[in-house]
Amino acid sequence: MSPLRIIIIVILCYIAYRLIFVGRKSSVAARKMGRTQTSDIPLSDTLEEDPVCKKLVPSRQAVQFAWGGKKLYFCSQECC
């Protein structure tokens, strides 16, 4: 076996080690510190469709208008 092949094999083993074991250590440390993954975070805002221009607007940022017992969400005051 040539020295170049041995160096390439050693480098590949080191990269595999870093990917497998160091990634696992950081995820375990994150769990111990109480961090959650994005899939565990509940949704706090929904997208609503503007009935005039059909844009999707976050409900917290939308201009809200109650009409006929129904809440309508608008992207701007002009659409409202």
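## Overall picture

The protein chain exposes about 7,100 Å², and carbon and sulfur atoms supply 62% of that area. The model described here is a predicted one. Of the 80 residues of the protein chain, 11% count as buried, and its secondary structure comes to 1 helix and 4 strands. Read from the N terminus on, these elements follow the order α-β-β-β-β.

Contacts along the chain can also be sorted by how far apart the partners lie in sequence. Among the contacts in the protein chain with a separation of 6 or more, those between residues 24 or more positions apart account for 14%.

## The hairpin of β3 and β4

Strand β3, residues 63-67, and strand β4, residues 70-74, run antiparallel and are joined by 5 bridges. As an example of this pairing, F65 has L72 in β4 as its bridge partner. The hairpin that the two strands form has 2 residues between them, and in it G68 takes a positive phi near 65°.

## E49 in strand β1

E49 belongs to strand β1, which covers residues 47-49. With a relative accessible area of 46%, E49 is partly exposed, because that value falls between the limits of 20% for buried and 50% for exposed.

Although E49 and Y73 are 24 residues apart along the chain, their C-alpha atoms are separated by 6.9 Å. Y73 is also one of the residues in contact with E49 once neighbours within four places in sequence are left aside, the others being K54, K55 and L56.

## D50 in the loop between β1 and β2

D50 is found in the loop between β1 and β2. This residue is buried yet has no salt bridge, and the nearest side chain of opposite charge, that of K55, is 7.3 Å away. Polar atoms of the D50 side chain do, however, lie by the backbone: the backbone nitrogen of V52 is 2.8 Å from one such atom, and the backbone nitrogen of C75 is likewise 2.8 Å from a polar atom of that side chain.

When neighbours within four places in sequence are left aside, D50 is in contact with K55, Y73, F74, C75 and C79.

## S59 in the loop between β2 and β3

S59 lies in the loop between β2, residues 56-58, and β3. Its relative accessibility is 13%, so S59 counts as buried, the cut-off being under 20%.

Not counting residues up to four places away in sequence, S59 touches D45, T46, E48, Q64 and Y73.

Notes. Residues are numbered from 1 along each chain as its sequence is written. This is a predicted model: local features need pLDDT of at least 70, side-chain atom pairs count only at pLDDT 80 or more; totals for chains, interfaces and linings use all residues. Side-chain values use heavy atoms; hydrogens and water are left out. Buried means under 20% relative accessible area, exposed over 50%, partly exposed in between (1.4 Å probe, protein chains only). Contact means heavy atoms within 4.5 Å. Two strands pair if DSSP finds at least two bridges between them. Accessible areas come from the Shrake-Rupley method with a 1.4 Å probe; for residues, only the protein chains shown count as cover. Lys and Arg count as positive and Asp and Glu as negative; His and the chain ends are not counted. A salt bridge is a side-chain nitrogen of Lys or Arg within 4 Å of a carboxyl oxygen of Asp or Glu. A polar contact is a pair of N or O atoms within 3.5 Å; within protein, one must be able to donate a hydrogen and the other to accept it, and residues adjacent in sequence count only if both atoms are side-chain atoms.
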